[in-house]
Amino acid sequence: MFLKKIEISGFKSFAQKTTLDFSGGKKGKLSGGSNITAIVGPNGSGKSNVADALRWVMGEQSMKAIRGKKSKDVIFAGSKKKARLSAAQVSIFLDNTNQKIPVDFNEVVVTRKIYRSGESEYLVNGSKVRLTDVVDFLARAGIGQRSYCIINQGMADQILQASPLERRAIIEEAAGVKEFQIKKERSQRKLNRALANLEKVKALLLEIEPHLRTLKRQNNRAQKGELYRVELKEKQQIFFGYLWQTLKQEQALKLKKEKEIRQQLTALQKVNQEISERLRQESQGKFHLQNKISDQEAQQRKLNNDLSSIERSLVLEEGKLELEKERAKRIETVILVPVNMEMIKDSLMDIKIRQEELVRRISELDPGDSVQEIKEYARAITQEVYELYGAIIKGKKEKKKPDQEIKKQKELVQKKIVAIENKITQLKKQKSEFIRRLKEGEKAIQDLVKEDREERKKAIELEDKLRKDRFEMDKVRDLLNEVQIELAKMEAKEEELGNRIQTELKTYPSRLSYIEGKTPNLNELQIRISRLQAQLQQIGGIDETVIQEYKETSERYDFLKREVDDLNETIQKLKRVVSELEMQIKERFQETFKYINKEFERYFKIIFGGGRAGLEKKEIKSVTRNLEPDSDENMEEITSSGKDALTGEADENLQEEESQVGIEVIAVPPGKKITNLGMLSGGERALTSIALLFAVIAHNPPPFALLDEVEAALDEANSKRFSRILRELSKKTQFILVTHNRQTMQEASFLYGVTMGDDGVSRLLSIKLDQVEKKGLIEK
């Protein structure tokens, strides 16, 4: 596995998309050259930004580690000639033909993007993933965040400045025991929890045992009572089941009878409704008939009134006829003379006297007397009034006229007489017609009265039948009421029996089973039920919660016993696991320590041309707080006196002191006597840290390593020694160097030059050094 190339776009000074292809260095190794790529350029050109980009795309979250303060600091900020960008993106292409990263791809592309808004995303082969996924993938390949695959400026010297325990962590990281330490820590926490749980379970068992014995005695007594209770329930089910079924059968018969009575009542009600409807219709017919009789009588009255009117008209016309006849007689002797007041008074007086005479005659008239004479007398009075009226109007009184005039007047009077006689004849005909119609009306009234009498007779018969039917209905209703009362009593009995069943059997009556055809002896059942109830009463009230509590307590006791066995077995297994892990950690640490110590001494002698160097174990005493078994706190170093660092008081939670092994670095350049690292010069410190760093890399080589000017402090001679070691290690891993050192550049098979123009953008120039001739020309 190796780094094929890295693409940078918008990251810091790399505003344009820039690709650094490292596969050339790999090809150089295959052709016999070195597996080293060098990145060179003047200060400030952006060489170290390549290292920052590589660390950033691998999931680095600390902005300080990539020389920034905020996340947006990694995005190209712009210059006078080029505007700032809104996003930055870095992609690394890893050759995965050996499947060191557990994905089914021969090439793995890891991409990280960030936008100026603060949003960011990670992609693996174009698919979005989480940061933890990226870190996990790279850690399995040996290029995780904590590995030494990227060494920035000043990072090498941190190895010497680290504490002994921190150096031990570096050795452990190189030994690959972190996984076993995590497992051991988890197993130890589980062991502590298991031991604490075991003590708790044992305490619970001691607490439960006395109570369980008491509950067992009560349970035995309850079981005996349970046998009585079961038998009592069985007998009660038979007893109440028979009573319930018998009651339901009687109730069914009553309901059937009630249904029949209701049907009978419905039929009677239907007949009653039919009779009532007929009576209603008869009543309507009778009303119609009465109306017809009333109408006929009204018509008769109208005919009588019309007849009386005709008779009055006839009398009036006959009077007129007599008057005209009288006038006809007086035409010859009557002449018109002037009329004065005296003559009018005399005439009126005579008329008054004659009217009084007429009134007297009418009042004295007997039923059998003739009225003809009275009529004529009345006509004479009328004629006299008429003549007086005419004289007054005319102002003259009649007197005998000439014969010609008299003849003419007689002809006129005769015409009037004929007209009056014709009218009288017509009135008489009308009178005869009205009399005939009156007789027909009388006959019609008699027929209607007869019909009314027959209708009344039918109505009386229907009413009599209706009364009989209603009487029958009342009898049926009384019978229905009796049945309903019996049903109500049965319902009350059913409710009482149901409540008793629910109270004593704790079940619904419908759930009781009863075998039909078998009639139980109710007296014997009642006696047995009473005896069982008495025996249960002697045993005493059994608390159902006691049985349940005994069952739960017994189950809990058995469960706790099983838990004790399981915990003991788990504790033994965990102890074996912890012991095995400690052995593996110790063996791997010892092996790695020996190897790194040996390589450190060898590389130190190569770099310094002699001298003495090595790693020594140092016992460091420390105390730990008495943490809870399930706490995740790590061991803390505090003062060796066992007192709190802030208060100076003794900490009651402190455990006994325990020893840890730290790593001390011994470095003595040739010809010098140095007792500690602080006495080394800057160059010597750099060489020492490089030697130790190469020793760590030699033990567990990462797929690739990027060194950012780690040899900057070396002189020419030491640079040659550095290059010698670098050439040796390049056979095991791929190196990418950011350097100013010419000797280092000579070891590279591929060289990238980084420049920066006045627009503030970094650019690349690449060359393969194995194609350069001795004269400095590049072979084509």
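Which residues in α7 meet which residues in α8? On the α7 side the list runs I344, S347, L348, D350, I351, R354, Q355, E357, L358, R361 and I362, and these meet E373, I374, Y377, A378, A380, I381, E384, V385, L388 and I392 in α8, where contact means heavy atoms within 4.5 Å. Sorted by type, the residues of this contact come out as 13 nonpolar, 2 polar and 6 charged. Here Ala, Val, Leu, Ile, Met, Phe, Trp, Tyr, Cys and Pro count as nonpolar, Asp, Glu, Lys and Arg as charged, and the others, Gly among them, as polar.

A word on the numbers: this is a predicted model, in which local features need pLDDT of at least 70 and side-chain atom pairs count only at pLDDT 80 or more, while totals for chains, interfaces and linings use all residues. Residues are numbered from 1 along each chain as its sequence is written, and side-chain values use heavy atoms, with hydrogens and water left out.

Back to the helix pair. The axes of α7 (residues 341-364) and α8 (residues 372-394) come within 10 Å and cross at roughly 160 degrees, which makes α7 roughly antiparallel to α8 (angles over 145 degrees count as such). Axes here are lines fitted to C-alpha atoms, for helices over the stretch in contact, with angles from 0 to 180 degrees between N-to-C directions. Helices are DSSP runs (H or I, at least four residues), as are strands (E, at least two), numbered from the N terminus. The α7/α8 crossing is left-handed, that is, the near helix is turned anticlockwise from the far one by less than a right angle.

Elsewhere, E258 sits in helix α6 (residues 178-330) and is buried at 12% relative accessible area. Leaving aside residues up to four places away in sequence, E258 touches L480, V483, Q484 and L487.

Most residues other than glycine have a negative phi. R67, in the loop between α2 (47-57) and β4 (87-95), has a positive phi near 60 degrees. E709, in the loop between β13 (704-708) and α13 (716-729), has a positive phi of about 55 degrees and counts as buried at 16% relative accessibility.

Notes:
Angles under 35 degrees count as roughly parallel, over 145 as roughly antiparallel, 65 to 115 as roughly perpendicular and the rest as oblique. Buried means under 20% relative accessible area, exposed over 50%, partly exposed in between (1.4 Å probe, protein chains only).
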